[in-house]
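Hi,

Here is the structure I promised to pass on. Have a look at it first, then read my notes below.

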Amino acid sequence: KKTLRLILGDQLNYKHSWYNGDQDHIIYHMAEMRQETDYVKHHIQKVVGFFQAMREFSSWLEDRGMQVEYFRFRESENKHNLVDNLNHIIDKHGIEKFEYLAPDEYRLDQQLRDFCKSLDIEWEGYDTEHFFTKRKDVEKFFEGKKRMTMEYFYRDMRKKHDIMIVGDKEPEGGKWNYDKSNRNKWDGDTEIPKEKGFRKDVSDIVEMLKEEDVSTFGRIDSSNFNWPTSRADALKVLNYFCDELLVHFGDYQDAMHTNQEYLYHSRLSFALNSKMLHPKEVIEKVVDKWREDKRKIDISQVEGFVRQILGWREFMRGIYWKEMPSYARSNKLDNQNDLPDFYWTGETDMNCLKHSINNSLDNAYAHHIQRLMITGNYALLTQTHPDQVCDWYLGVYIDAIEWVEITNTRGMSQWADGGIVATKPYVSSGSYINKMSNYCKGCKYKVSKKNAEEDACPFNSLYWNFLDDKQEFFKNNQRMNMMLGTLNKMDKEKLERHKQRAQDVMKNPSQY
Ligand code: FAD
Ligand code: SF4
């Protein structure tokens, strides 16, 4: 039967079984569409990264003799809408069967479901063969449980997939979790090998987007594009991580530094989320590296990394498919403020925010603690509407695809889901930021001033104001007892000063 197979931009799985079987009568379809560039405002590097990676994937298919209908952005046949493009190709080639890979986004899943219903030819959906779990596995795992604790899911995954497991299903090294040893500030002395990167010229795509008036933000050096856009590139990033960075991954996982945008983080999220790399091969490679080099690499570095991919990444996906679509509207704390303009420009005197936002605008990347404890923390403390927070996170990072962006942003970072992902909100005063970074040293504000003085760190007042405003939501939460206890013991006048200053910060964010 003449068959049309759809490949979406985040389905670049070079190892998928589709490409092994008989390819006669099969046409593959990929398209650079307005539908995808315009559903949210994206960082320029994100659009370029996906288009470049799609082009290289389609060339790979063609080099292997497969027939591909690839619609570039300016291709005259391109209708810029998935359904219209598919209908067009079905007519053009007299297609008798339509096949697709299950999308990871609810939005596209709905669109394809509706499309298939409208078809009068045969159709079939396939697995992307990427994740360890199926959409509903997390939901099933926690059936009947009060809380969905990631840790239990992660342990089960370790056992199920026999990853760092010994004897009678025991964790290798004796412990499941080495998180406690993952909390160092970067000392500035330990040398971080220079990242080799790629130097791709993507000016043609950048020019084209400009000419076509595609609205983007952020910065790009178009002759030195630095993200992996093919499987060979992605493997280089993985090897580089194993050879040079794994050794200190856990040690500095939570650290932040003005001179270091990546520290020991892997930068693998784009290659993973676009499916150029499989999470299993990433984990296997990292664990193998550790086995070869156990004298140099401590188990805590490896366990911390495996936990992120086997645990958090799969867990977040499961939460997404359990909770959507209502998750996308959740706003448990009823936060209503606007996201400050400086998220789009980086122009603020608060040094931690300035660095984290400018890193994001320069590289379409910030590491986890910058996302969670700087930009996320500030947005939550200033009681920003989660829709606006999500629009920013979904646009700014090259790895941002809704299933993993929304669960991290609304769930882990903004507590908008009321505690499904995080047992307590990730908020802190300036002290935590000072403990984990060197940002405060170069800041106009004084992190040590804690009485709402004019030059005191704004996070300090925002923190107490947030706890006071929102304490109703947390009064039965044991993990918040200590914070709320301190709040309630605070001198009333002092609290009032904090609240006034916090109001001022929230009303005039651009003044800070
Ligand atoms: P590393 O620190 O080297 O970690 C290795 C890998 O583990 C990552 O590549 C990623 O695949 C996985 N991982 C680590 N933490 C998480 C997590 N919390 N959830 C899921 N996977 C994880 N990650 C995205 O992939 N896309 C997003 O849109 C995204 N948005 C986020 C928004 C907020 C507010 C927060 C707090 C986190 C977000 N994360 C997101 C999770 C995490 O910050 C990124 O995966 C990570 O920073 C990517 O950089 P890396 O590849 O260098 O990661
Ligand atoms: Fe950020 Fe406050 Fe430190 Fe300045 S003093 S860098 S605003 S935490």
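Before the notes, one term: a residue belongs to the shell around a ligand if its C-beta atom, placed from the backbone, lies within 6 Å of that ligand. Also keep in mind that this is a predicted model.

Let's start with ligand 2. Its shell has 14 residues, and the closest include Cys352, Gly430 and Cys440, along with Cys443 and Cys457. What classes of residue make up the shell around ligand 2? It's 11 nonpolar and three polar, with no charged residues.

Now for ligand 1, which has 27 residues around it. His265, Ser266, Gln308, Ala400 and Glu405 come nearest. The elements giving two or more residues to this shell are α9 (269-273), α11 (299-323), α14 (368-381) and α16 (402-413). The largest share, six residues, is from α16. By class, you'll find 11 nonpolar, 11 polar and five charged residues around ligand 1. And where does ligand 1 sit relative to the domains? Both domain 2 (137-323) and domain 3 (342-511) give residues to its shell, so ligand 1 lies between them.

Zooming out, the protein has 20 helices and nine strands. Its radius of gyration is 24 Å, close to the 24 Å that the globule rule gives for 512 residues, so the protein is as compact as a globular protein of that length. And 45% of the 512 residues count as buried.

Cheers

Note on methods: Residues numbered from 1 in each chain as written. Chains lettered and ligands numbered in written order. Predicted model: local features only at pLDDT ≥ 70, side-chain atom pairs only at ≥ 80, totals over all residues. Nonpolar A, V, L, I, M, F, W, Y, C, P; charged D, E, K, R; others polar. Helix = DSSP H or I, 4+ residues; strand = E, 2+ residues; numbered from the N terminus. Rg over C-alpha atoms; globule rule 2.2 N^0.38 Å. Buried ≥ 20, exposed ≤ 12 C-beta atoms within 10 Å, placed from the backbone. Domains from an automatic or database assignment.
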